[in-house]
Amino acid sequence: MATTDDSVRSRTQDAFPVDNPVQALQRDHDLVRKLADAYRNTQSADVRKQAATQLIQAIHMHSRLEEGVFYPGVRRVDPNLIARFEEDHLAVDDLLATLQGMSLDEARTEPLVRELIDAVLSHIRQEEEQLFPELKQAALDLTSIGMEMQAFEANLVHMQAQLSDQASRR
Ligand SMILES: [Fe+2]
Ligand SMILES: [Fe+2]
């Protein structure tokens, strides 16, 4: 079972792969798959709730990073590469927003979490099978996008930590 130590946050302890930002996205995808497996393969309601909480956080952070920096950066180079992936994000963001407004103890969240997992796994597979190879083939220098992503993620992690600090003090 993944713990918060495996979460997106842990990457800030390693160097962000500035010259190869796709590698950072790939690591997020691996984490999302691991958490989705943990969610689907357990009989325990507690483990399922913990996995769902971490999964929602990991998808949220990953989507912010792609929508905030990676996609706009790639769009500047070639808008055609990105359009359909952005459409997928709208659907996933809707589901995320619904789930973030609900308690994960509620039984009615389960079909929504499963729907989220299906949508996200299919989306990340397409990024890996289509977008990432196309980017590699185009041999673009993604270092400036990588540097922006590093700063954006550090900021996101900082904000997240402040929010959970405030929540724990309440
Ligand atoms: Fe994406
Ligand atoms: Fe992605």
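Which residues does the UniProt annotation "domain: Hemerythrin-like" cover? According to that unreviewed entry, residues 21-135; such annotations may be inferred rather than shown by experiment.

A word on the model. This is a predicted model, where local features need pLDDT of at least 70, side-chain atom pairs count only at pLDDT 80 or more, and totals for chains, interfaces and linings use all residues. Residues are numbered from 1 along each chain as its sequence is written, with chains lettered from A and ligands numbered from 1 in the order in which they are written.

Across residues 21-135, the span is 85% helix and 0% strand, and its end C-alpha atoms lie 11 Å apart. Helices here are DSSP runs of H or I, at least four residues, and strands are runs of E, at least two.

Next, one helix pair. The axes of α3 (residues 83-100) and α4 (residues 109-138) come within 10 Å and cross at roughly 155°; axes are lines fitted to C-alpha atoms over the stretch in contact, with angles from 0 to 180 degrees between N-to-C directions. The two helices are therefore roughly antiparallel, the word for angles over 145 degrees. Residues in this contact (C-beta atoms within 7 Å) include Phe 85, Leu 95 and Leu 99 of α3, and Leu 112, Leu 116 and His 123 of α4.

Last, Tyr 71, in helix α2 (residues 45-77). Why is Tyr 71 called buried? Because 21 other C-beta atoms lie within 10 Å, and buried takes 20 or more. Leaving out residues up to four places away in sequence, Tyr 71 touches Glu 66, Ile 82, Phe 85 and Glu 86.

Conventions: Angles under 35 degrees count as roughly parallel, over 145 as roughly antiparallel, 65 to 115 as roughly perpendicular and the rest as oblique. Two residues are in contact if their C-beta atoms, placed from the backbone, lie within 7 Å. A residue is buried if 20 or more other C-beta atoms lie within 10 Å of its own, exposed if 12 or fewer, and partly exposed in between; C-beta atoms are placed from the backbone.
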